[in-house]
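Thanks for coming, everyone. Have the structure open on your screens, and let's walk through it together.

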Amino acid sequence: MVEESQAIPLAPAQIHPRSDEEFAMTKPYNTHHQRSSKCFVYTLAAVVFLSMVLLIFASVVLRVDTPNVEIRSAWMENLRYGTSPSLSLNLTLISEVAVDNKNFGRFKLEKSSKASLLHGNETVGDTEINVLGVRARETKRVNVTVQVRANGLWDSMNFSREIDSGLVKLSSYAKLRGEVLVMKKLKRRKTAIMNCTMTLNLTSQAIHNLLCK
């Protein structure tokens, strides 16, 4: 008898999934990863944008600068002057003073401020600048009148020469103290200083070379 051949069982073949099946298996993971990455990017962008907005707000709105005060124009009236028998200069000086508040809050002054008119170091007149407050982003203008009287107050060769030449140099100085109030809570004390020089033309009764620092 012919012996029956013994059949050797074959090992089961390994099934390798197709590439599209592999993509289908990894797709849920990739989708979740992409969503997480986008969410992180959007959050980071929002934080950066918000930080920039707050920085601009703090540097522009919350920034408090010292208001500016200066003489914009000036003219004189009732002029009388002479050198004999003594030096004398009498006139009424009228100035338009402007207080410029560029802040986003009101500039509230403590009280009326004294303005002095000087020739050299000698005071020849003074008055009050009555400005109680300046609104945010406002320029307030007021007329200030000073009576100038220099009648033998000093023996100055410079003053005598200026009277003879018809050109008298004067300076004006004032301090305006107050507080800038931003958003009704933030207070900053500020002092605005006016420091101006001018030349009086006694012949034409005009003001020349008006300059404020």
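Start with Glu110 and Arg189. Their side chains meet in a salt bridge, 2.4 Å from N to O. A salt bridge here is a side-chain nitrogen of Lys or Arg within 4 Å of a carboxyl oxygen of Asp or Glu. This pair links distant parts of the chain. Glu110 sits in the loop between β3 (106-109) and β4, Arg189 in strand β9, and 79 residues separate them. Helices (H or I, at least four residues) and strands (E, at least two) are DSSP runs, numbered from the N terminus.

Now, are these two buried or exposed? Glu110 is partly exposed, at 45% relative accessible area. Arg189 is exposed, at 56%. The cut-offs are these: buried is under 20% relative accessible area, exposed is over 50%, and partly exposed lies in between, with a 1.4 Å probe and protein chains only.

Before we go on, a word on the source. This is a predicted model, where local features need pLDDT of at least 70 and side-chain atom pairs count only at pLDDT 80 or more, while totals for chains, interfaces and linings use all residues. Residues are numbered from 1 along each chain as its sequence is written, and side-chain values use heavy atoms, leaving out hydrogens and water.

Back to the salt bridges. How many does a search of the whole structure find? Six. One of them joins Arg72 and Glu70, at 2.8 Å from N to O. Arg72 is partly exposed, with a relative accessible area of 35%. Another joins Arg135 and Glu138, with the closest N and O atoms 3.3 Å apart. Arg135 counts as exposed at 54%, whereas Glu138 counts as buried at 18%. Salt bridges that share partners also join Glu110, Glu179 and Arg189 into one network.

Stay with Arg135. Its backbone oxygen lies 3.2 Å from a polar atom of the Asn101 side chain. Asn101 is in strand β2 (residues 88-101). Why does Asn101 count as buried? Because its relative accessible area is 0%. Leaving aside residues up to four places away in sequence, Asn101 touches several others, among them Pro67, Phe107 and Arg137. A contact means heavy atoms within 4.5 Å.

Arg137 is in the loop between β6 (133-134) and β7 (138-151), and counts as exposed at 54%. Gln205 also has a positive phi, near 55 degrees, and is not a glycine either. Find Gln205 in the loop between β9 (186-201) and β10. Gln205 is partly exposed, at 42%.

Next, Leu89. This residue is in strand β2 and is buried, at 1%. Leu89 and Arg149 are 60 residues apart in sequence, but 5.9 Å apart in space, C-alpha to C-alpha. Beyond residues up to four places away, the contacts of Leu89 include Leu79, Tyr81, Phe159 and Ile163.

Now zoom out. The protein has two helices and ten strands. From the N terminus, the order is α-β-β-β-β-β-β-β-α-β-β-β. Of the 213 residues, 33% are buried. Take the contacts with a separation of 6 or more: residues 24 or more positions apart account for 67% of them.

Last, confidence. pLDDT is the predictor's confidence in each residue, from 0 to 100. The protein's mean is 83, and 78% of its residues reach 70 or more. Which elements have the lowest and highest mean pLDDT? Helix α1 (residues 19-60) has the lowest, 66, and strand β10 (residues 206-212) the highest, 97.

Note on methods:
A polar contact is a pair of N or O atoms within 3.5 Å; within protein, one must be able to donate a hydrogen and the other to accept it, and residues adjacent in sequence count only if both atoms are side-chain atoms.
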